[in-house]
Structures are given as structure tokens and as C-alpha cells.
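Trainee: I am new to this one. Can we go through it together, step by step?
Mentor: Gladly. Bring it up and ask away.

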Protein chains: 2
Amino acid sequence: MKTMYDKDRLIVVTNDDGYEAPGFAAAIEVAREFGRVVAVAPATPQSGRSQAITIYDPLFLRKHHSEPGLEIYSFSGTPVDCVKFTFDHMLKDVKVDLVISGINHGSNSTINVLYSGTMGAAIEGSFYGCPSVGLSLLDHSHDADFTDAKRYGREIIASVLSSEEQREQLCLNVNVPAVAEIKGVRVCRQCRGLWREDFFPHVDPNGRQYFWLTGDYTNYEPQAEDTDEWALANGYVSVVPIQIDLTSYRDMDYLNKILK
Amino acid sequence: MKTMYDKDRLIVVTNDDGYEAPGFAAAIEVAREFGRVVAVAPATPQSGRSQAITIYDPLFLRKHHSEPGLEIYSFSGTPVDCVKFTFDHMLKDVKVDLVISGINHGSNSTINVLYSGTMGAAIEGSFYGCPSVGLSLLDHSHDADFTDAKRYGREIIASVLSSEEQREQLCLNVNVPAVAEIKGVRVCRQCRGLWREDFFPHVDPNGRQYFWLTGDYTNYEPQAEDTDEWALANGYVSVVPIQIDLTSYRDMDYLNKILK
């Protein structure tokens, strides 16, 4: 791939694992191949924070690194707070060309898109008039190997940025399987499936019971070959385009009938 | 309206303003007209928590009230944690007939549905095989008058429970305007519009700068008469049916072309 660096291109990078996560450094590495980078990640891990915003707490910004073409900050809020603060305060009225959220340590496919802080930030990023890519690797470990995630992230971002047609509010949920050999990239729909949780009870030193949330995912359509879960299970990178209209149009006739 | 109480009907109530919010008591009051109630709300206000789940903190349960047909608890997590814990731990394998989330102090119409803890909980509730209703009043104040919200919530819930046809994963985003005279109920789609934020800077006693998030909403289609924002601005209760497939199907051809 020929270099796509453009000094006039500005890229915002964030994540939900926090500014110290190796996946954040990997995302910055990808972003720098395309342009100047402002990277603002949560000060602490924010996995599972969805599209949450912080209303009841003050928010603190810290600068961690600055060199020509790269600034790295942490912000004490959620991933969505990071995006809002970057666009609406730090870069007010500056044109941004791309948002990258990730690289997440762990999958954000299927229903996880609803709970994911990485995807919450990616969705928020798409509200600011530039393409937004959430990038996740199916490996939760701290020292995960991001080589493939960087490679495919780079290819997908290059395709989006060099496309003649630019779609409004384009937001991509990209997941990369952790397999020896990736077979390619598939455009997919979000798989139907849900989590059922186990709450593990423990007792603290003062005798109070508490619980840890943990759970198992059930795939409701394991045979369907057009889903992100199928693509990932079969060695492909999954790309699901995301929209934010939650209206269930198919229920409208029913409601108009029963609410008469 | 004739009584619809059924002692064999079980209703789960939650919210995002916390167990002490008057809107939670109002939702419990509505629920008790239909059946037995298990009410589990966050221990602290959780507005703006979206579909967030708690991964890094232990979760504590407290019982606040118990009488035949009514139990009230607080749980130290997010609204979605409350729903998951209620279904997957407290009521494991018990059939639940309805979830009510609210009554929220403030609007959850339009894009707010993505940020709202009330709607996060309502969406989560619909994953458990029963109808789920998020109910919000367009009045943020603590001592808001919930009379109309209770009345219309009751009517809509009665219609859903007495309907012969039961829809899979039915989830309703119901918003009630705070006006002198409500004109009726309208089934709507989610309005297009977005928030732009102002981050107010302050300085703490140690000289550290911090920020508070606050913002303004822009309606991108104020003329469209089929949206929730239009209904509310014109004195109607808005009912938006909610779905959870975020796939942007209209972007799939484009992506298949550029990612070739």
C-alpha cells in the first residue's frame, strides 16, 4: 500500500480501555499513517460504558505527550465524554477527517455493540460529520498481538478515506478475529443474540454480600452466514455499518392499532 | 378504566434517577394496578448511563420495603445492571410479564434514547421475553407532577397487556409533555437531531482545572410531523417502538464496493 499520509488531515483517536492500553497505542500508530493525530482516551478503563455521558461528576484533562503531529491526553470521563470534549471544546470549529475508536481488547460484535464503550465513542464520533471506525480485536489480553488488527484497520480506513463517495454519518464496527490466518474482510449485519448473566456472590470483610457481573453469550442464529458472528467464527474480519435510528418501524402498525 | 389487576402478573420496575426519585414511586404506583411488583432501582442517580454495565466494581443489593405484592430494592450498579440482576439472579426462571423503566424526570425523546439510562434499562428489559416500557415526563424537577405521566402510562400499558397479538421484544419509548392539556397519544419515529456540548471550566481549590458537561439540542427536522419531537412540541404523548439492530443496511452496498 502506498503511503496515504496527508499533513492537512486530522484524526481523532479514542478508546474505552483507557489511555494506557496497548490497543490505544496501536490505534494511534494506524492513525499516524494517515495524518495528524489528537488522541484523547479515558483516564481509567471504561469497558461496557456504552454511550454513557457524565452528568454528575467534574471532568479532568491531562496531557501526556506532545510532538509535531501528535498530542495524547487522558480525560476522566466516559469514551463518549472524550469525543464530545475533543470536538466541542479542544477542536472547536476545526475540521476533523476521521475518528478511530480502539483498538479494543476484546470483541464488539453482535449485541456487544450496545454495551461497548468503544462503539459508543465511535457512534458519537460519526455525529461530527466525518467517518468513524470502531476497531476491535477478539483478544482480551493486555499483551494481545495487534498486528492483524492494525493491518486490516489500515486497509479499511484507506478505502474509506480514498472513496470518491462520502456517506453521511458513516460509522463502522470492525472486528478482527485472533486467528493464525485471516481469510479476508466481510461486510455483515449485526447478529441476533443475547447475554445471560451470572452474578457471583462474595462476602466482604464486614460481612456484606456483593456480586460480580459475568455472563454467557447465546447466538440466536448460528447458521446465518451474513452476520458478524459467522464471519468472525470463520476467520474473516467483520465490518458492520452502524445507524442510530432505533425506531422499530415494523411495530408501528401494531401500535397504531392497539393504541387507538 | 376497569381494573386490570391480576395477582398472577409479575412486573419489574426500575429507573435511572435512583430508588429515592419520586418518578420511581410513580412507576411503582402504575405497576401495582396491574400485578405484583419487584422494583429494583440504582442506589444513586444514573442519568445518562445509556446501556452501560458494571464490569470493574462489585455490586451491592439493599432491600428497602417488603409487603405482599411489592418488594423494593436498590442496587449499586447501572440501570442495565439492575435489570440483569433482577432477571438473572433474583427472579431466575420466574416468568415476568412486563418491565417499566421510569418514570424519568426529563425527556428521553429523539437522540436522548441513546444516552438514557431509563431507555437502556427498558431495552434490556425487552431482552427477557416480555414487553418493556420506558416512561418519561418532560420535567426535570424533583417535585414534578406525574399525574398525566401515570395516566397515559397506565393507558398504554393496559393496551399492551390486553392486546391479543404479542410482539417479540416489544420496547416502547413513551414521553409525556408537561403541558396543561394533553391532546392524545401519537405513535412516532425517533427524530433526527443531535447535542452539541459546552464544557464549563472551573478551578478547584488546588488550582486544577475541571469541566462540567452541558449542551444544547438541535432538531434537524423541525417540520416533520411524524417524529417524537413534533408530537411532544404539539402537546401529544409520543410512543416510539424501539429495536436493537444497529446495522445500517443502506450502507452495505457502498461498503461492499469500496472494500473490494
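Trainee: What percentage of the interface residues of chain B are also interface residues in chain A?
Mentor: Keep in mind that this is a predicted model. The contact takes 61 residues from chain B and 61 residues from chain A. The copies meet through the same surface, because the share of chain B interface residues that are also interface residues in chain A is 100%.

Trainee: What rotation superposes chain B on chain A?
Mentor: The shift along the axis is 0.0 Å, and the RMSD is 0.0 Å. The two copies are thus related as by a two-fold rotation axis. The rotation is 180°.

Trainee: Which class has 35 residues on the side of chain B that touches chain A?
Mentor: Elements that give two or more residues to this side include α5 (147–162), β10 (209–219) and β11 (236–241) of chain B. By class, the side has 14 polar and 12 charged residues. The class with 35 residues is nonpolar.

Trainee: Which strands are the edge strands of the open sheet in chain B?
Mentor: Nine strands form that sheet, in the order β3-β4-β2-β1-β5-β6-β7-β11-β8, with mixed pairing. The twist averages 20° from one strand to the next. An edge strand here pairs on one side only, and in chain B these are β3 (61–67) and β8.

Trainee: In which sense do β8(B) and β11(B) pair?
Mentor: Start with the bridge partners. Gly184(B) has Tyr236(B) as its partner in β11(B), and Val187(B) has Val239(B). The two strands share four bridges, and the sense is parallel.

Trainee: And which residue in β11(B) does Asn175(B) stand opposite?
Mentor: Now look at the pairing of β7(B) with β11(B). These strands pair in the antiparallel sense over four bridges. Opposite Asn175(B) stands Ser238(B).

Trainee: At about what angle to β7(B) does α5(B) run?
Mentor: α5(B) lies across several strands of chain B, among them β5 (98–105), β6 (132–137) and β11. Its angle to β7(B) is about 155°.

Trainee: Which residues of chain B does Val239(A) touch?
Mentor: Val239(A) is among the residues with the most contacts inside the largest nonpolar core, which has 152 residues. Within chain A, its contacts include Ile156(A), Leu172(A) and Val185(A). From chain B, Val239(A) touches Leu255(B) and Leu259(B).

Definitions and conventions. Residues numbered from 1 in each chain as written. Chains lettered and ligands numbered in written order. Predicted model: local features only at pLDDT ≥ 70, side-chain atom pairs only at ≥ 80, totals over all residues. Contact = placed C-beta atoms within 7 Å. Nonpolar A, V, L, I, M, F, W, Y, C, P; charged D, E, K, R; others polar. Least-squares fit on C-alpha atoms with pLDDT ≥ 70 in both. Core = buried A, V, L, I, M, F, W, Y, C linked by C-beta atoms within 7 Å. Buried ≥ 20, exposed ≤ 12 C-beta atoms within 10 Å, placed from the backbone. Pairing = 2+ DSSP bridges. Axes fitted to C-alpha atoms, helices over the stretch in contact; angles between N-to-C directions. Lists of a residue's contacts leave out its neighbours within four places in sequence.
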